[in-house]
Amino acid sequence: MTPMTNDSLAELAGKAASQTPVEPRLSLQHITKRYPGVVANDDVSLSVMPGEIHAVLGENGAGKSTLMKIIYGTVQADGGQLMWNGRETVVANPAAARALGIGMVFQHFSLFETLTVTENIALALDAPFDLKALAVRVKSVSEKYGLPLDPYRLVHSLSVGERQRVEIVRCLLQDPQLLILDEPTSVLTPQAVRKLFETLRQLASEGVSILYISHKLHEIKDLCDSATVMRGGRVTGHANPKQETTGSLARMMIGRDLPVCQSPDYTGNNNCALEVRNLSATSIDPFGVSLQDISLRVQRGEVVGIAGISGNGQAELLAVLSGEQTVGNDAVLLDDVPVGKLDAGQRRDLGLAFVPEERLGRGAVPAMSLANNAMLTAHRQAGMKHYGLLNYAATREFAKRCIERFDVRCNGAQSAARSLSGGNLQKFIVGREIMQSPKAMIVAQPTWGVDVGASAFLRQTLIDLSRSGVGVLVISEELDELFEICDRIAVLSEGKLSPAMPKEQTNAESIGLLMAGKAEKEVA
Amino acid sequence: MIESFFVHLIPILIGTLGAATPLVFAGLGELVTEKTGVINLGVEGMMLIGAVAAFAAAVATEGNLAVGLMAGALAGALASLPFGILTLSLGANQAASGLALTIFGLGLSAFIGQGFVSYSLSGVKPIAIPLLSKIPLLGPVLFNQDIVVYLSFVTFGLVAWVLAKTRLGLVLRAVGESPEAAHSIGYPVTAIRYGAVLFGGAMAGIAGAYLSVVYTPLWVQNMTAGRGWIAVALVVFATWKPARLMLGAYLFGGVTILQLHAQGFGVAIPSQLLSALPYIATIVVLVLISRDRKLLQLNLPASLGKPFIAGG
């Protein structure tokens with residue numbers, strides 16, 4: 001279909017009342033939503049035509065998710081109008097949205113782990129309650145759109161990609177006229193993304209409108225007919241993504257050029273900083289994934305990345321590496337010293353730094369000040385204790401230096417951890433660990449939920465740290481990020497780790513296949 | 001020899017059902033409440049309030065059982081309402097609110113009950129179901145009981161069926177597992193939880209009513225004697241499965257009656273230890289059959305005890 005310019009869309013919207021031809025399926029006019037202290041949406045307008053794939057592009061915190069919640073009825077706007085098929089409509093709640101024909105696939109899936117696929121879908125349908133008949137329908141719809149699903153599987157046993165299929169099939173069974181997808185590819189392999197795009201194009205060709213929320217520029221260029229770009233709660237532009245470059249889209253999204261990381265060569269010694277030898281460990285979580293015969297070396301001066309979709313043993317591997325779960329003494333070595341039997345504190349004493357995925361709750365105590373949070377791991381540093389008693393002045397000083405050196409935007413060392421944005425808190429946590437001069441540092445999802453500027457800063461910080469002679473291990477779901485900062489990349493899939501390949505010798509395609517659990521020889 | 005064995009066994013088994021019935025009602029009610037993610041530790045208090053209300057109503061109507069049961073259910077549900085307001089609308093801690101409810105129920109029932117201490121009711125006669133009650137052994141045990149025991153069978157069947165087979169049951173389970181997800185697809189989580197809390201209260205009230213109107217037809221202060229707590233424990237140790245809950249309740253009832261007989265025979269064990277036996281035996285057996293962690297995790301309502309307040 002032909003993409004339409006935004007001007008002609010606006011014209012159409014204006015004439016819609018009087019003329020019959022194509023009117024927008026959905027048209028938002030001057031939507032405003034305020035929260036205490038923030039304006040999440042400020043005078044936002046956009047329209048989507050039948051069969052159009054429309055991107056809403058913006059950073060974390062740009063207001064995209066709030067806007068979608070307003071369309072889906074989970075949040076009510078403070079001002080503005082919502083026109084549905086040319087008629088002004090108030091969407092009071094998600095049930096009303098579904099009745100109109102609006103379906104939504106959530107970023108953090110709204111699925112119930114202990115229920116079956118069919119039961120999960122039944123919960124969102126208003127049809128008479130007949131699980132057997134529904135299972136048959138689920139099977140036929142899922143096959144029609146290339147989204148194979150077993151209706152009787154329990155959701156907790158599904159992969160992330162399969163869970164997303166459940167969400168999509170759930171929407172499709174409601175015969176939607178508009179499908180909203182919120183960051184749908186953040187957890188998919190490149191192959192699964194391609195498959196998803198095929199499904200979406202098929203839907204669009206059948207006349208379904210699609211609102212596609214993302215911050216991934218190349219995906220939007222690949223898939224979408226038109227785009228609305230948001231920044232800080234406002235619309236900063238409308239564009240046809242096929243006619244834009246990723247650079248021009250990025251400028252509309254963040255207001256300046258995309259920052260690029262520099263990886264200088266490393267000249268110091270290549271001694272092993274962190275090593276894992278033939279590690280097998282049973283998961284403590286009954287729904288977890290057990291680790292099978294994992295071996296990995298991280299040398300001083302390099303960044304090693306572990307790709308893979310969460311739930312393939314990532315949590316278990318992190319627990320074993322940090323010392324939250326102890327294993328055989330020789331399975332984990334730090335600077336050639338066996339530490340497998342040591343707990344997390346003892347490993348930190350020996351120079352291991354660890355930045356967990358969950359910033360609030362594990363990386364930092366939300367209600368405590370930055371100074372106190374710094375003390376939680378930095379009390380090992382000289383001068384922080386006097387005869388076992390804490391030296392608060394020294395910890396405040398330490399936190400202050402960390403805030404300055406790592407450009408943490410906050411109200412000083414006494415501000416509570418939870419008052420910081422994701423990016424600033426992550427800078428503080430990473431900084432706190434770096435300032436303790438570790439020998440090896442493990443970072444999980446370093447830029448999850450962090451804005452573009454802070455992400456670039458954090459990535460550069462990790463590269464610089466490695467070049468100062470530290471072994472850095474990064475576990476991330478973001479393939480682009482791993483290719484940007486890592487020297488070597490391995491893949492963790494179903495509890496097994498592939499050999500770490502120098503990044504010049506691999507690409508997103510083959511990493512994607514490994515993520516999906518295929519052996520390397522099948523790729524070749 | 002065998003004959004005399006049965007002569008002793010049948011009364012024990014008949015008594016078992018009676019002793020277990022309050023646990024069946026209170027346990028099934030608490031099970032439904034917990035399935036939606038709310039843990040109400042006020043069962044003991046709600047049972048006592050139900051017991052005293054039922055006794056008062058029965059006395060006033062010269063022993064009308066139906067009025068007694070309804071009064072008990074109503075009083076139990078009313079007693080659960082402040083708990084609901086505190087925990088569901090105001091987001092208060094569920095454990096503390098439940099404990100407060102138990103203490104409140106103990107005091108309130110003792111206060112109201114003062115005037116009823118000297119009364120007694122005639123009790124309820126068993127109803128023999130034609131034909132079925134003639135089956136050897138099973139007949140007199142299962143089919144020659146009072147009507148409330150039959151009602152407990154029906155309630156068990158209904159609760160098990162609703163939870164496993166109906167949309168209502170699916171919604172209840174979904175709310176207990178992830179109130180956030182249920183809210184995001186448009187279910188009124190707080191309203192559903194209110195319903196479950198009130199149902200749990202009504203069932204606890206019926207359990208209390210059975211005690212004061214049928215089982216020992218008189219009012220004694222704190223007459224539930226910890227049965228509300230056992231009901232809460234049964235739910236957890238039965239891994240939120242109605243059938244296991246029944247098993248636990250009958251086990252408790254059986255050992256209760258057994259140790260009473262043992263005390264009657266003058267077994268040389270201190271009576272206090274024997275009285276503790278049902279509590280110990282029930283917990284041990286249920287813990288042993290519920291060791292499978294995977295099963296436990298599949299049935300545990302993941303949001304149990306966590307407040308949920310719908311917001312932006």
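In the predicted model, a salt bridge joins the side chains of A:Asp222 and A:Arg201, with a distance of 3.4 Å from N to O. This pair connects distant parts of the chain, since A:Asp222 belongs to helix α8 (residues 217-223) of chain A and A:Arg201 to helix α7 (residues 190-205) of chain A, the two residues being 21 residues apart. Over all chains, the structure holds 24 salt bridges. Side chains of opposite charge can form such pairs when their charged atoms come close.

One salt bridge is counted between chain A and chain B. The side chains that meet in a salt bridge here are those of A:Glu119 and B:Arg173, at 3.4 Å from N to O. On the side of chain A that touches chain B, two or more residues are given by each of the elements α2 (64-72), α3 (94-100) and α4 (117-124) of chain A. The largest share of that side, four residues, is supplied by α4(A). By class, the residues of the side of chain A that touches chain B comprise 19 nonpolar, four polar and seven charged.

The extent of the interface was also computed. In total, 30 residues of chain A are in contact with 21 residues of chain B. The area buried between chain A and chain B is about 2100 Å², and 62% of it lies on carbon and sulfur atoms. Within chain A, the residues that lose the most area to chain B are A:Phe112, A:Leu123 and A:Phe129, which together account for 30% of what that side buries.

From α4(A), the residues A:Glu119, A:Ala122 and A:Leu123 meet B:Arg167, B:Leu170, B:Val171, B:Arg173 and B:Ala174 of α7(B). The contact of α4(A) with α7(B) consists of five nonpolar, no polar and three charged residues. A:Glu119 and B:Arg173, listed in this contact, are also the partners in the salt bridge described above. A:Leu123, likewise listed in the contact, is one of the residues of chain A that lose the most area to chain B.

Within chain B, helix α7 (residues 167-177) also packs against helix α6 (residues 147-165), at an angle of about 75° and with the axes 5 Å apart. This angle makes α6(B) roughly perpendicular to α7(B). On α6(B), the contact is made by B:Val162, B:Leu163, B:Ala164 and B:Lys165, and on α7(B) by B:Arg167, B:Leu168, B:Gly169, B:Leu170, B:Leu172 and B:Arg173. Six nonpolar, one polar and three charged residues make up the contact of α6(B) with α7(B).

Backbone geometry was examined as well. A:Glu494 is not a glycine, yet has a positive phi of about 50°. The position of A:Glu494 is in the loop between β21 (488-493) and β22 (496-497) of chain A. In chain B, a positive phi near 50° is found for B:Ala225, again a residue other than glycine. B:Ala225 is placed in the loop between α9 (189-215) and α10 (227-237) of chain B.

Definitions and conventions: Residues numbered from 1 in each chain as written. Chains lettered and ligands numbered in written order. Predicted model: local features only at pLDDT ≥ 70, side-chain atom pairs only at ≥ 80, totals over all residues. Heavy atoms only, no water. Contact = heavy atoms within 4.5 Å. Buried area = accessible area lost by both parts, 1.4 Å probe. Salt bridge = Lys/Arg side-chain N within 4 Å of Asp/Glu carboxyl O. Nonpolar A, V, L, I, M, F, W, Y, C, P; charged D, E, K, R; others polar. Axes fitted to C-alpha atoms, helices over the stretch in contact; angles between N-to-C directions. Parallel < 35°, antiparallel > 145°, perpendicular 65-115°, else oblique.
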